[in-house]
Amino acid sequence: PNPCTDHINLLGTSSGNTVNIYNLSGNEILQTSSDFENTRIDIKNIPAGFYLINYSGKDRRLNLKIFKQ
């Protein structure tokens, strides 16, 4: 995964769907709603490490692994 520092962008999202971020122990760190087409998520306050992102949309599910520097 590509390292990130302050925010992440999810492209192709739909408005009002759920985005969850989990640590590798499975604990939910952040939950937010997606915006229309593109969602920007602020991760400045999350400690450095690996995280799993889960996006659940009406027409699409997305699971990603990121590294926060």
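A nonpolar core is a set of buried Ala, Val, Leu, Ile, Met, Phe, Trp, Tyr and Cys residues joined through side-chain atoms within 4.5 Å. The model is predicted.

Q: Which residues make up the largest nonpolar core?
A: The largest nonpolar core has 12 residues in all: Cys 4, Ile 8, Leu 10, Val 19, Ile 21, Ile 41, Ile 43, Ile 46, Tyr 51, Ile 53, Tyr 55 and Ile 66. Two or more residues each come from β2 (7-13), β3 (18-23) and β6 (49-56). The element that gives the most to this core is β6, with three residues.

Q: Why is Ile 43 called buried?
A: The criterion for buried is under 20% relative accessible area. Ile 43 has a relative accessible area of 2%, and therefore counts as buried. Ile 43 is placed in the loop between β5 (37-42) and β6, and is a member of the largest nonpolar core.

Q: What does Ile 43 touch, not counting residues up to four places away in sequence?
A: Ile 43 touches Cys 4, Thr 5, Asp 6, His 7, Ile 8, Ile 21, Ile 66 and Lys 68. Ile 21 is 22 residues from Ile 43 in sequence, and their C-alpha atoms are 9.7 Å apart in space.

Q: Which residues are in contact with Ile 21, leaving aside its neighbours within four places in sequence?
A: Ile 21 is in contact with Ile 8, Asn 27, Glu 28, Ile 29, Leu 30, Ile 41, Ile 43, Tyr 51, Leu 52 and Ile 53.

Q: How do you know whether Cys 4 is buried or exposed?
A: The relative accessible area of Cys 4 is 10%. Since buried means under 20%, this value places the residue in the buried class. Cys 4 is found in strand β1 (residues 3-4). Beyond residues up to four places away in sequence, Cys 4 touches Ile 43, Ile 66, Phe 67, Lys 68 and Gln 69.

Q: What makes Asn 20 count as buried, and with which side chain does the side chain of Asn 20 make a polar contact?
A: Asn 20, whose place is in strand β3, has a relative accessible area of 9% and is therefore buried under the 20% cut-off. Its side chain makes a polar contact with the side chain of Glu 28 at 3.1 Å. Leaving aside neighbours within four places in sequence, the contacts of Asn 20 are Glu 28, Leu 30, Gln 31, Leu 52, Ile 53 and Asn 54.

Q: Why does Asn 54 count as buried?
A: Asn 54 is at 16% relative accessibility, under the 20% limit, so the term buried applies. Asn 54 lies in strand β6. The side chain of Asn 54 makes a polar contact with the side chain of Asn 63 at 2.7 Å. Contacts of Asn 54, apart from neighbours within four places in sequence, include Thr 18, Val 19, Asn 20 and Arg 61.

Q: How do you know that Asn 23 belongs to the buried class?
A: Asn 23 has a relative accessible area of 18%, which is under 20%, and therefore is buried. Asn 23 lies in strand β3. The side chain of Asn 23 reaches the backbone nitrogen of Ser 25 at 3.0 Å. Leaving aside its neighbours within four places in sequence, Asn 23 is in contact with Ile 29, Phe 50 and Tyr 51.

Q: Why is Phe 50 called partly exposed?
A: Partly exposed covers values between the buried limit of 20% and the exposed limit of 50%. Phe 50 is at 37% relative accessibility and so counts as partly exposed. Phe 50 is found in strand β6. Together with Leu 24 and Leu 52, Phe 50 makes a nonpolar surface patch of about 270 Å².

Q: What makes Ser 14 partly exposed?
A: The relative accessibility of Ser 14 is 35%, between the 20% and 50% limits, so Ser 14 counts as partly exposed. Ser 14 is found in the loop between β2 and β3. Leaving aside neighbours within four places in sequence, Ser 14 is in contact with Ser 34, Asp 35, Phe 36 and Tyr 55.

How values were computed
Residues are numbered from 1 along each chain as its sequence is written. This is a predicted model: local features need pLDDT of at least 70, side-chain atom pairs count only at pLDDT 80 or more; totals for chains, interfaces and linings use all residues. Side-chain values use heavy atoms; hydrogens and water are left out. Buried means under 20% relative accessible area, exposed over 50%, partly exposed in between (1.4 Å probe, protein chains only). Helices (H or I, at least four residues) and strands (E, at least two) are DSSP runs, numbered from the N terminus. Contact means heavy atoms within 4.5 Å. Patches are made of residues with over 30% relative accessible area and no salt bridge: like charges are joined within 9 Å, nonpolar side chains (Val, Leu, Ile, Met, Phe, Trp, Tyr) within 5 Å. Accessible areas come from the Shrake-Rupley method with a 1.4 Å probe; for residues, only the protein chains shown count as cover. A salt bridge is a side-chain nitrogen of Lys or Arg within 4 Å of a carboxyl oxygen of Asp or Glu. A polar contact is a pair of N or O atoms within 3.5 Å; within protein, one must be able to donate a hydrogen and the other to accept it, and residues adjacent in sequence count only if both atoms are side-chain atoms.
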